[in-house]
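Reader: Please take me through the reading of helix packing and charged pairs in a model.

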Amino acid sequence: MEIMEERNQKRNAWLEFLPAIIMTVAGAVTLFVYLFAYGEHEITSYLAIAVAPLIALGIPLLNRLFNGTIPLALNAAVCVFTFAAIDLGTVLNFYALIPQYDKILHTLFGVLGACCMFVLLLFGNGERLRPWCFFLLILLGVLGVAALWEIYEFVEGAITHTDPQRWMPDLNAVGDLTVREFFAAYHPLSDTMWDIIVAAFGVFAFYLLVFVDKLCGYKVCGKLYKQIKTPRKKN
């Protein structure tokens, strides 16, 4: 019996790190496409490809450090989002190729970020909070992370003199504009505010999903709660 449990623990350990392995392979494919399909290469793109797989290690390491049981499905969702945002969006420039790609990702971040906050609060015994306080903390947490990301984009642009917010138009395409006309149509603050607003929409979409789950008898939230509250056996 003990041998079977040990084998199961080893198998679960491999499963936990499987998303990181897949992200590493996906990063190698992204690097290959970037090198041979794009003429201009930037050091920031190489750094982004290197960092993306490390994000997949976050949840397994948290499980190891705090003896937790954060679901594998959540780590997989984080990895899919990371691949879409970093590999496809930043490196392969899907932000420019697909209209509203940036806003779609910020909305999905609201949903995924709310799910992460939900798990984090449960992990920290947040179920003892009143429901309105619990879900308010989820909203405030996601909006806080969204604001921190906008600060990062601003700092990166200031240091590298690039346009990480991607609000600058192609001046060759828009023609001659006066200063007033330019800032009436293009403004960095507009991009920042809409990124945070659509993230809030994502949080409300998460609230709707939780409400639907409530009507179904908490089939998803109940299993999630039991999984997080089940203590992992120490080796």
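Predicted model: local features only at pLDDT ≥ 70, side-chain atom pairs only at ≥ 80, totals over all residues.

Reader: How many helices and strands does the protein have?

Author: Helices (H or I, at least four residues) and strands (E, at least two) are DSSP runs, numbered from the N terminus. The protein has eleven helices and zero strands. Of its 235 residues, 34% count as buried; buried means under 20% relative accessible area, exposed over 50%, and partly exposed in between (1.4 Å probe, protein chains only). Among contacts with a separation of 6 or more, 68% come from residues 24 or more positions apart, where contact means heavy atoms within 4.5 Å.

Reader: At what angle do helix 6 and helix 7 pack?

Author: Two packed helices are described by the angle between their axes and the distance between the axes. Axes are lines fitted to C-alpha atoms, for helices over the stretch in contact, and angles run from 0 to 180 degrees between N-to-C directions. Helix 6 (residues 101-123) packs on helix 7 (residues 131-160) at about 130°, the axes being 9 Å apart. The two are therefore oblique to each other; angles under 35 degrees count as roughly parallel, over 145 as roughly antiparallel, 65 to 115 as roughly perpendicular and the rest as oblique.

Reader: Which residues make the contact?

Author: On helix 6 they include Phe109, Gly110, Gly113 and Met117, and on helix 7 they include Leu137, Gly141, Val145 and Trp149. By class, this contact of helix 6 with helix 7 has 13 nonpolar, four polar and one charged residues. Here Ala, Val, Leu, Ile, Met, Phe, Trp, Tyr, Cys and Pro count as nonpolar, Asp, Glu, Lys and Arg as charged, and the others, Gly among them, as polar.

Reader: How do the axes of helix 6 and helix 11 cross?

Author: They come within 10 Å and cross at roughly 45°, helix 11 spanning residues 219-229. Helix 6 and helix 11 are therefore oblique to each other. Phe118, Val119, Leu122 and Phe123 of helix 6 meet Cys221, Leu224, Tyr225, Ile228 and Lys229 of helix 11. The residues of this contact divide into eight nonpolar, no polar and one charged.

Reader: How many salt bridges does a search of the whole structure find?

Author: Side chains of opposite charge can pair when their charged atoms come close. A salt bridge is a side-chain nitrogen of Lys or Arg within 4 Å of a carboxyl oxygen of Asp or Glu, and the search finds four. Arg64 and Glu16 form one of them, at 2.5 Å from N to O. Arg64 lies in helix 3 (residues 58-66) and Glu16 in helix 1 (residues 2-37), so the pair ties together parts 48 residues apart in sequence. Arg64 is partly exposed, at 38% relative accessible area, whereas Glu16 is buried, at 10%.

Reader: What does Lys103 pair with?

Author: Lys103 forms a salt bridge with Asp102, the closest N and O atoms being 3.2 Å apart. The side chain of Lys103 also meets that of Asp195 in a salt bridge, at 2.9 Å from N to O. This second pair links helix 6 with helix 10 (residues 188-215), 92 residues apart. Both Lys103 and Asp195 are buried. Salt bridges that share partners join Asp102, Lys103, Asp191 and Asp195 into one network.

Notes:
Residues numbered from 1 in each chain as written. Heavy atoms only, no water.
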